[in-house]
Amino acid sequence: MAVINATSYLLLKDTTVIGHSKSTTFSVNTDLPESTSKDSLGWKEVIPGIKSGTLSIECLTDYTDTLSFDDLADMLITKEKATFYFKDTVNPKLIVRGEGFISSIDETAEFETATSFNVEINLTGIFTITDPSEGKTWDNIFDKWEDIATNWEDV
């Protein structure tokens, strides 16, 4: 199995890299409300509900970056919606694209340490996961799986 070098994964706002990133995370979540009934025979049951996605990034602070802590804090304060990309810039096998709002940002300045900041972005609406090398886009395939799941339940 090939090892993926995480160094080349970056988070971008439109075409601008969020500078000096140390780590980047993309998460997809589904709310699972409980649907246990008497027919569950004592087992907990859930149903898939609302889906969501988040992007998180930890960076070193450098106020000279094209997109720095100040710019991202301004986006939070002004409630600016933007398009974000999470991708491998060296070998673009995976590109996550979505619009979102910054939900939290914090800066930490510890004694005798480089100053850093963390950003959390909540994606809104549909986001896509694309593999350009194979021409596949996840949200299109996902719609088909939703149809299959619905048809299966109707049987």
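These are my notebook entries on a predicted model of a single protein chain.

**Entry 1: the overall layout**

I started by listing the elements. I found 2 helices and 8 strands in the chain. Reading from the N terminus, I wrote the order down as β-β-β-β-α-β-β-β-β-α.

Next I looked up how much of the chain is tucked away. Of the 155 residues, 28% count as buried. The accessible surface comes to about 10500 Å², and carbon and sulfur atoms account for 54% of that.

I also checked how far contacts reach along the sequence. Taking contacts between residues at least 6 apart, I noted that 59% join residues at least 24 apart.

**Entry 2: confidence**

How does the pLDDT look for the chain? I noted an average of 81, with 77% of the residues scoring at least 70. Then I asked myself which elements have the lowest and the highest mean pLDDT. Helix 2 (residues 138-154) has the lowest, at 52, and helix 1 (residues 69-78) has the highest, at 93. I'll keep that in mind when I look at helix 2.

**Entry 3: the nonpolar core**

I went looking for the largest nonpolar core and found that it has 23 residues. Leu 11, Leu 72, Ile 105, Val 119 and Ile 121 have the most contacts inside it. Which elements each supply at least two residues of this core? My list reads strand 1, strand 4, helix 1, strand 5 (82-88), strand 6 (95-108) and strand 7 (116-131). Strand 7 gives the largest share, 6 residues.

Leaving out residues up to four places away in sequence, Leu 72 touches Ile 18, Leu 67, Ile 102, Ile 105, Phe 117 and Val 119.

Thr 54 sits in strand 4 (residues 51-60). Is Thr 54 buried or exposed? I got 12% relative accessibility, so Thr 54 counts as buried. I then listed its contacts, skipping neighbours within four places in sequence. Thr 54 meets Thr 25, Phe 26, Ser 27 and Asn 29, and also Glu 120, Ile 121, Asn 122 and Leu 123.

Tyr 9 is in strand 1 (residues 9-13). Its relative accessibility is 16%, so I put Tyr 9 down as buried too. From Tyr 9 to Thr 25 I count 16 residues in sequence, and their C-alpha atoms are 9.7 Å apart.

**Entry 4: aromatic pairs**

How many aromatic pairs does the structure hold? I found 2.

Phe 26 and Phe 86 have ring centres 6.4 Å apart and planes at 25°, so I noted this pair as stacked. Phe 26 is in strand 3 (residues 21-30) and Phe 86 in strand 5, which puts them 60 residues apart. Phe 26 is partly exposed, with a relative accessible area of 22%, whereas Phe 86 is buried at 9%.

Phe 69 and Phe 117 make an edge-to-face pair, with 5.5 Å between centres and 65° between planes. Phe 69 lies in helix 1 and Phe 117 in strand 7, so this pair ties together parts 48 residues apart in sequence. Both Phe 69 and Phe 117 are buried.

**Entry 5: salt bridges**

I counted 3 salt bridges.

Lys 13 pairs with Glu 80, their closest N and O atoms being 3.7 Å apart. This one links strand 1 to the loop between helix 1 and strand 5, across 67 residues. Lys 13 is buried, with a relative accessible area of 17%, and Glu 80 counts as partly exposed at 31%.

Lys 22 forms a salt bridge with Glu 58, at 3.3 Å between the closest N and O atoms. Lys 22 is in strand 3 and Glu 58 in strand 4, so the pair ties together parts 36 residues apart in sequence. I noted Glu 58 as partly exposed, at 26%.

Lys 81 and Glu 99 meet at 3.4 Å, N to O. Lys 81 is in the loop between helix 1 and strand 5 and Glu 99 in strand 6, so parts 18 residues apart in sequence are tied together. Lys 81 is partly exposed at 43%, and Glu 99 is partly exposed at 32%.

**Entry 6: positive phi**

Lys 79 is not a glycine, yet it has a positive phi of about 60°. I found Lys 79 in the loop between helix 1 and strand 5, exposed at 67% relative accessible area.

Glu 112 also has a positive phi of about 60° without being a glycine. Glu 112 lies in the loop between strand 6 and strand 7 and counts as exposed at 69%.

Terms used. Residues are numbered from 1 along each chain as its sequence is written. This is a predicted model: local features need pLDDT of at least 70, side-chain atom pairs count only at pLDDT 80 or more; totals for chains, interfaces and linings use all residues. Side-chain values use heavy atoms; hydrogens and water are left out. Helices (H or I, at least four residues) and strands (E, at least two) are DSSP runs, numbered from the N terminus. Buried means under 20% relative accessible area, exposed over 50%, partly exposed in between (1.4 Å probe, protein chains only). Contact means heavy atoms within 4.5 Å. Accessible areas come from the Shrake-Rupley method with a 1.4 Å probe; for residues, only the protein chains shown count as cover. pLDDT is the predictor's confidence in each residue, from 0 to 100. A nonpolar core is a set of buried Ala, Val, Leu, Ile, Met, Phe, Trp, Tyr and Cys residues joined through side-chain atoms within 4.5 Å. Rings of Phe, Tyr and Trp (its six-membered ring) pair if their centres lie within 6.5 Å; planes under 30 degrees apart count as stacked, over 60 as edge-to-face and the rest as tilted. A salt bridge is a side-chain nitrogen of Lys or Arg within 4 Å of a carboxyl oxygen of Asp or Glu.
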